[in-house]
Amino acid sequence: AATVPSTDAVEASHRLGDAYRALAERHGVCFADAAGWGLPLLFDGIHLSEAAHARFAEKLREAVENAPI
């Protein structure tokens, strides 16, 4: 049965972007933060919906094409 994670898990997932951005900067690589893309989430507040996966792919393609490399 599916369960909703604790609010701690949801809050922790929202902090990952900052950590990943810092790690990317430290290693000199590009970072695309999907948190700002308005992607619909499932009931658990963490995972992407089916529709969001398609939109994620579109946004990631745009980010790669526009990356300063």
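Glu 58 is partly exposed, with a relative accessible area of 38%. In this predicted model, Glu 58 also forms a salt bridge with Arg 55.

**Helix 1**

- Helix 1 runs over residues 7-27, which makes 21 residues.
- At 1.5 Å a residue, helix 1 should span 30 Å. Its end C-alpha atoms lie 31 Å apart, so the two values agree.
- Helix 1 has a kink of about 30°, and the kink is centred on Arg 15.
- Which residues are buried in helix 1? Val 10, Gly 17 and Ala 24 are buried there.
- Tyr 20 is also found in helix 1. Tyr 20 counts as partly exposed because its relative accessibility is 46%, which falls between the 20% limit for buried and the 50% limit for exposed.
- Gly 28 follows helix 1, and its phi is positive, near 70°.

- Helix 2 covers residues 50-65.
- Glu 58 and Arg 55 both lie in helix 2. They are 3 residues apart, about one turn of the helix.
- In the Glu 58 and Arg 55 bridge, the closest N and O atoms are 3.0 Å apart.
- Arg 55 is partly exposed, at 35% relative accessibility.
- Glu 62 and Lys 59 form a salt bridge through their side chains, at 3.7 Å from N to O.
- Glu 62 and Lys 59 are about one helical turn apart, because they sit 3 residues apart in helix 2.
- Glu 62 counts as partly exposed, at 29% relative accessibility.

- Asp 33 forms a salt bridge with Arg 21, and their closest N and O atoms are 3.4 Å apart.
- This pair links distant parts of the chain, 12 residues apart. Asp 33 is in the loop between helix 1 and helix 2, while Arg 21 is in helix 1.
- Are these two buried or partly exposed? Asp 33 is partly exposed, with a relative accessible area of 25%. Arg 21 is partly exposed too, at 34%.

**A distance across the chain**

- Tyr 20 and Lys 59 are 39 residues apart along the chain. Their C-alpha atoms are separated by 18 Å.

How values were computed:
Residues are numbered from 1 along each chain as its sequence is written. This is a predicted model: local features need pLDDT of at least 70, side-chain atom pairs count only at pLDDT 80 or more; totals for chains, interfaces and linings use all residues. Side-chain values use heavy atoms; hydrogens and water are left out. Helices (H or I, at least four residues) and strands (E, at least two) are DSSP runs, numbered from the N terminus. The expected span of a helix is 1.5 Å times one less than its number of residues. The bend at a residue is the angle between axes fitted to the seven residues ending there and the seven starting there. Buried means under 20% relative accessible area, exposed over 50%, partly exposed in between (1.4 Å probe, protein chains only). A salt bridge is a side-chain nitrogen of Lys or Arg within 4 Å of a carboxyl oxygen of Asp or Glu.
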